[in-house]
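Dear colleague,

I am passing on the structure below, and after it you will find notes on what turned up when I went through it. Please read them alongside the coordinates.

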Amino acid sequence: MAAVSLQGIEKDFGSTRTLFGIDLEIADGEFVVFVGPSGCGKSTLLRSIAGLEEITGGELKIDGVRVNDLPPVKRGISMVFQSYALYPHMSVFENMAFGLKLAGKHKRDYTPQVEQVAKVLQIEHLLQRKPKELSGGQRQRVAIGRAIVQRPKVFLFDEPLSNLDAALRVQMRIEIARLHRELKTTMIYVTHDQIEAMTLADRIVVLRAGKIEQVGTPTELYYQPDNLFVAGFLGSPSMNFLKGTLAGIDPQGATVVLPNQQHVRVSVDASTAQLGDEVTVGVRPEHLSLAEGGNGFAGQAIAIEHLGESSVLYLDASGSQEPVSARLPPLAQVEPGQACRLVFDPANGHLFTTDGQALRRLDPVNQKNSRPTEACPQ
């Protein structure tokens with residue numbers, strides 16, 4: 001196991017800079033997930049840690065040792081790629097043992113090690129098969145096993161589950177989380193799937209355009225996003241945003257007036273803002289309910305999706321460029337074109353300034369989700 005320290009990491013491809021002064025400390029044994037939109041630099045950052053990309057500037061340390069100029073094989077890392085990268089002519093055993101064989105170890109010495117890892121991954125019965133005889137999930141287990149037998153200081157995962165179907169992704173998430181608990185090894189994981197990030201990570205690093213937007217636990221990022229980008233990136237459906245004007249400030253929060261003159265309350269510290277400022281109200285779909293009265297806003301139903309465990313209502317509301325989404329009870333009955341009012345607890349609201357920065361919430365981890373009624377008022 002080892003801590004990983006990134007200090008001012010920069011990466012240029014010719015005249016184009018893709019990483020801008022990345023500062024990050026990853027603790028020994030921590031599971032850290034890099035997330036962000038395509039092109040944000042998350043895979044480039046991972047490959048820079050691995051030594052597959054040469055760092056342009058800054059300092060990278062693994063287990064306290066500066067590794068900027070060390071080749072990948074000497075960094076004490078193992079990497080699992082999006083593609084399984086298995087040798088088709090080799091058996092599962094030979095694929096898993098390939099790195100140990102290259103290192104000059106004798107088969108009698110590494111065989112127990114490979115068999116033990118295969119047992120942990122529940123593929124011990126597949127050791128003599130070729131990759132073409134395996135399912136996608138089994139091939140990914142082999143790729144992970146090949147990394148584990150190296151006994152690295154740090155595991156690096158580059159979108160390892162993206163080629164699997166939905167059911168296998170769930171299964172493999174559970175397996176990877178279990179492996180981390182058992183191995184207690186530092187793991188750095190890149191994904192575009194926020195569910196993977198939220199369920200696997202000790203901490204999530206949100207990247208955009210080669211810079212870190214926010215670092216924190218899944219709970220911190222979900223309930224206390226630093227800015228509009230982070231707030232909108234995590235969550236499915238994503239957080240709703242309604243533009244308005246700051247009309248009132250008091251110790252209990254702020255009042256915002258929407259373009260159609262509806263007023264909503266948000267429990268935030270708005271002491272640094274000014275009356276009349278343009279602001280954006282944020283509220284997550286699961287915190288919205290249908291009701292005739294209360295803190296909220298009215299609009300017209302566009303569509304409703306029945307998902308079994310819940311229904312998602314899409315509403316055309318004043319102040320929102322995109323349809324507002326509300327996660328409702330599974331049998332909620334709303335017709336397209338129907339006038340509805342959505343309400344929320346002010347403690348579950350967010351408020352963002354014109355530059356996209358979040359104002360501090362007064363009750364940042366309030367998970368109340370009252371639902372006064374399940375029917376749309378007629």
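I begin with a single side chain: that of Asn295 reaches the backbone nitrogen of Arg265 at 2.6 Å, a polar contact in the sense of a pair of N or O atoms within 3.5 Å, where within protein one must be able to donate a hydrogen and the other to accept it, and where residues adjacent in sequence count only if both atoms are side-chain atoms. This is a predicted model, in which local features need pLDDT of at least 70 and side-chain atom pairs count only at pLDDT 80 or more, while totals for chains, interfaces and linings use all residues. Residues are numbered from 1 along each chain as its sequence is written, and side-chain values use heavy atoms, with hydrogens and water left out.

Asn295 sits in the loop between β15 (289–290) and β16 (296–306), helices (H or I, at least four residues) and strands (E, at least two) being DSSP runs numbered from the N terminus. With a relative accessible area of 16%, Asn295 is buried (buried means under 20% relative accessible area, exposed over 50%, and partly exposed in between, with a 1.4 Å probe and protein chains only). Not counting residues up to four places away in sequence, Asn295 touches Val264, Arg265, Arg341, Leu342, Val343, Phe344 and Pro346, contact meaning heavy atoms within 4.5 Å.

As for the chain as a whole, it has eight helices and 20 strands, and its C-alpha trace spans about 75 × 45 × 35 Å along the principal axes. Buried residues make up 52% of the 378 residues.

The chain is divided into domain 1 (4–228) and domain 2 (238–359), with bounds that come from an automatic or database domain assignment. Their C-alpha centres lie 38 Å apart, and seven residues of domain 1 are in contact with ten residues of domain 2. About 730 Å² is buried between the two domains, 57% of it given by carbon and sulfur atoms; buried area here is the accessible area (1.4 Å probe) that two parts lose on being put together, summed over both. On the side of domain 1, Tyr222, Pro225 and Leu228 lose the most area to domain 2, together 70% of what that side buries. Between the domains there are zero salt bridges, a salt bridge being a side-chain nitrogen of Lys or Arg within 4 Å of a carboxyl oxygen of Asp or Glu, whereas four residue pairs, both residues at pLDDT 80 or more, are in polar contact across the interface.

Elsewhere, salt bridges do occur, and the structure holds 16 of them. Glu53 and Lys11 meet in one (3.9 Å, N to O); Glu53 lies in the loop between α1 (42–50) and β4 (57–62) and Lys11 in strand β1 (residues 4–13), so the pair ties together parts that are 42 residues apart in sequence. Both Glu53 and Lys11 are buried. Asp269 and Arg360 also pair, at 3.7 Å, N to O, and they link distant parts of the chain, 91 residues apart. Here Asp269 is partly exposed, with a relative accessible area of 28%, while Arg360 counts as exposed at 54% relative accessibility. Finally, Glu59, Lys61, Arg66 and Asp69 are linked in a network of salt bridges.

With best wishes
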